[in-house]
Every structure is written in C-alpha cells, then in structure tokens.
Amino acid sequence: MQAMVYRGPYKIRVEEKNIPKIEHPNDAIVRVTRAAICGSDLHLYHGMMPDTRVGSTFGHEFIGVVHEVGPSVQNLSVGDRVMVPFNIYCGTCYFCAKGLYSNCHNVNPNATAVGGIYGYSHTCGGYDGGQAEYVRVPLADVGPSIIPDGLDDEDALLMTDALATGYFGAQLGDIVEGDTVVVFGAGPVGQFAARSAWLMGAGRVIVIDHLDYRLAKAQEFAYAETINFTEVNDIVLELKKQTDWLGADVVIDAVGAEADGNLLQHITASKLKLQGGSPVALNWAIDGVRKGGTISVMGAYGPLFSAVKFGDAMNKGLTIRTNQAPAKRQWPRLLEHIAAGHLTPRDIITHRIPLEHIAEGYHLFSAKLDGCLKTVITFED
Ligand SMILES: NC(=O)c1ccc[n+]([C@@H]2O[C@H](COP(=O)([O-])OP(=O)(O)OC[C@H]3O[C@@H](n4cnc5c(N)ncnc54)[C@H](O)[C@@H]3O)[C@@H](O)[C@H]2O)c1
Ligand SMILES: [Zn+2]
Ligand SMILES: [Zn+2]
C-alpha cells in the first residue's frame with residue numbers, strides 16, 4: 001500500500017509499505033477513504049515531538065471502510081463505513097471509565113501521561129496513522145463508530161479530531177450565558193472552538209491570530225470579532241480595553257507550543273531548545289483573562305518544561321483546564337448540532353490533495369500558503 005512516511009524534520013515522502021495485519025483479536029484493518037492533516041501533525045513535521053521515528057506514518061484524523069476484522073470484534077463488520085476517533089483507548093480502565101479516553105492507562109507502554117494516538121510518535125504509543133491506504137485500528141469495538149446515514153464524509157472526518165477538539169475546548173471553558181470568550185488561534189481548532197462557544201451561550205466571541213485570511217474566516221464561519229495581534233502594540237492591553245478593563249471571562253488557547261508573537265520565547269524554544277515550546281498564547285491567556293476566569297488549553301504542549309507564568313495564574317485565581325480531547329465523547333452532541341443545521345464542519349476545508357502529493361499538503365499548511373486552513377487527503381476508490 002501507499003503510505004505517508006516521515007523521513008526527518010520537514011521531510012515527508014510517500015512510500016510502499018505492507019498492508020497492516022490483525023495483531024490482536026480486537027483489531028480491525030480499515031481502508032482509509034479520507035484523512036486530514038492536523039495542526040498537531042505540524043509539531044511532528046517540525047521535529048518538535050520527542051521520539052518521532054523515521055519511517056513512521058502520521059495521521060490521526062481519518063475515516064474509512066472496514067477491510068478486515070479480528071475474531072473478537074463484535075460491533076463492526078467488513079464493509080462498514082467508520083469514523084475513528086484520534087485516541088486509542090481500552091474503554092475499561094480507571095480513566096476510560098471516567099470518560100477520560102485520551103488518558104487511557106492500557107494502550108501506551110512508552111508514557112504514563114498520555115494514552116494512545118494514531119500516528120503521533122512513540123511517545124504516544126508508536127501506532128502508525130491513517131495518512132495511508134490502510135491502517136490498523138486496535139480495540140476496534142471501542143473507538144470507531146459506524147458513520148450515520150446522511151452524515152457527509154467530510155463532516156464525519158472532522159468529527160474525529162478538529163471539530164471534537166474545538167467543541168471540547170469550549171466545553172472546558174465552562175462558558176455561562178453572556179460570557180466574553182476569547183480564542184487564541186484561528187486554525188481549525190480555534191475556528192471550531194469559537195463557533196462552539198456560541199452554542200454554549202457566549203455573549204461575545206473574539207478570535208486572535210496574525211493571519212488575516214484566517215481571521216476573515218473566523219468572522220464568516222465563527223461570527224467572531226477578530227484582532228490581528230501584530231496590528232496592536234500590546235494584545236493583552238487591547239483585550240483589557242475591549243472588556244471594561246476586567247479581562248475575558250473565558251480564554252481558549254488553540255495555538256500550542258509553536259506560538260509566534262514573542263522573539264525571546266521563540267529563540268529559547270525553537271533555536272536554543274531551552275524549553276519545550278514557546279507558550280506565548282498561554283501567557284497571553286493568563287494575562288488576558290479576568291481574575292477568577294477560566295482558561296481552556298487545547299493547544300498541544302510537549303512533555304518538556306515551558307516558561308509559563310504560573311504565579312500570575314495562581315494569584316488571579318484562575319481555573320486552567322486542558323487535555324487531549326476525548327473525541328468520541330463529543331459525538332452525540334455534535335451529531336445533533338450538525339443534523340439541526342447549527343454548523344457544517346466541512347465549510348473550513350480549503351484543500352483536497354491526493355495521498356501521492358501529501359508532502360505538498362504539509363508544506364502549504366505549515367507555511368500557511370495559498371489560504372490553507374484545512375487539508376483533506378483523498379484516496380483512489
Ligand atoms: N487537545 C487536543 O486534543 C488537540 C487536538 C487537535 C489539535 N490540537 C492542537 O491545537 C493547536 C491548534 O491546532 P490547529 O489544527 O488549529 O493548528 P494550526 O497550526 O492551523 O493553528 C494554529 C494557529 O495559531 C496561530 N498563532 C500562532 N501564534 C499565535 C499567537 N501567539 N496568538 C494567536 N494565534 C497564534 C497561527 O497563525 C495559526 O493560525 C495545535 O497546537 C494542535 O497541536 C490539540
Ligand atoms: Zn490532531
Ligand atoms: Zn483505558
């Protein structure tokens with residue numbers, strides 16, 4: 001089969017690999033019909049994620065058709081169209097029983113902090129991902145669901161990560177009616193978080209980025225007010241000015257460890273590797289939220305130290321909530337919202353690229369070229 005293969009930072013190739021085999025009775029093999037490139041894949045592509053091994057296949061946002069099932073699989077049959085959440089989890093451990101699917105204790109021998117994620121380095125379990133013609137889906141009775149009739153393939157695809165994550169980001173903000181919600185980052189996760197904030201009762205939604213084409217999309221898709229942080233002297237001061245000098249009720253960080261906007265953070269993180277990432281957006285969130293407010297962190301941070309202003313968070317009495325999204329937990333509500341016409345997730349897709357040209361897809365998305373917001377990888381039938 002053809003598969004995306006990592007060859008080192010900024011080097012992606014398509015190579016021939018063996019079709020994965022059933023390794024455990026509850027495995028399924030899924031023939032991928034659509035995959036996407038996530039902002040998290042960029043951290044791998046940039047060589048930021050520890051233990052990202054040459055030869056591995058990325059891709060944790062994908063849907064497909066069941067090609068083969070192991071002998072104990074009960075919920076799926078060959079030929080079923082399935083959406084596969086980006087988390088791999090057992091469904092029965094202490095954490096899964098609490099709905100913390102992304103914190104499953106049974107699927108990742110390499111780390112205790114995080115569970116399993118498809119195609120996301122050996123730190124996250126070493127599973128190959130879905131930017132390939134076929135993928136092995138472990139614990140097939142637990143994660144995947146059959147795509148409901150009437151749900152568009154591309155909408156289903158976005159439920160497996162970006163949409164579920166954005167919605168989860170708004171949920172963790174504990175938004176109450178009328179709240180002013182600020183979202184840092186106008187990528188796919190930020191767009192969905194901003195849109196979801198309205199569904200949870202926000203009174204005002206402000207999206208911040210430095211890419212005008214993404215901010216324009218946030219106005220159109222997420223009905224948000226926007227601020228380009230490069231056009232104001234001090235983004236925190238600007239936020240205070242716009243919120244009666246109190247600060248926002250809720251701030252969502254949809255940027256993560258590769259944030260722009262502060263040269264010192266950038267140099268100590270990317271160039272000198274003195275910290276695991278540049279937490280500029282997170283520090284802006286701490287400064288820009290009101291005392292007693294809530295910060296929801298969806299942006300990904302690596303396991304290493306980052307210079308976060310924790311003292312300010314402490315003295316302001318902030319609630320900070322964060323996790324890798326347990327994608328499937330959001331599906332029942334998301335299906336209702338999509339069916340009711342409250343949102344059409346596929347509206348954020350800007351590029352559709354065949355697997356053979358996936359390196360171009362990574363480049364466009366990483367360099368933010370050609371208006372790229374979300375790229376879908378397509379496959380021959
Ligand atoms: N928690 C989860 O489960 C989960 C799931 C998916 C993605 N993520 C993470 O969410 C983040 C966003 O993902 P995405 O797919 O939207 O990625 P993306 O790279 O498309 O979006 C990030 C956006 O942040 C903007 N940005 C950079 N610095 C900024 C700053 N200082 N202030 C405001 N905006 C800034 C960028 O211009 C970009 O538009 C990534 O870190 C990704 O790893 C987490
Ligand atoms: Zn992702
Ligand atoms: Zn578990």
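Residues are numbered from 1 along each chain as its sequence is written, while chains are lettered from A and ligands numbered from 1 in the order in which they are written. Because the model is predicted, local features need pLDDT of at least 70 and side-chain atom pairs count only at pLDDT 80 or more, whereas totals for chains, interfaces and linings use all residues.

**Stop one: helix 12.** Select residues 358-366; helices (H or I, at least four residues) and strands (E, at least two) are DSSP runs numbered from the N terminus. Ile358, Gly361, Tyr362 and Phe365 are buried here (20 or more other C-beta atoms within 10 Å of their own, with C-beta atoms placed from the backbone). Look down the axis of helix 12: these buried residues fall within an arc of 95°, so they line one face (the arc is that of the directions from the helix axis to the C-beta atoms). Their cover includes strand 1 (2-8), helix 1 (39-45) and strand 17 (375-378). Step just past helix 12 to find Lys368 with a positive phi of about 55°.

**Stop two: helices 4 and 5.** Now select 162-172 and 188-199. Which residues of helix 4 meet helix 5? They are Ala162, Leu163, Thr165, Gly166, Tyr167, Gly169 and Ala170, counting contacts as C-beta atoms, placed from the backbone, within 7 Å.

**Stop three: helix 6.** Gln191, Ala194 and Arg195 in helix 5 meet Lys217, Ala218 and Phe221 in helix 6.

Terms used. Buried ≥ 20, exposed ≤ 12 C-beta atoms within 10 Å, placed from the backbone. Contact = placed C-beta atoms within 7 Å. Axes fitted to C-alpha atoms, helices over the stretch in contact; angles between N-to-C directions.
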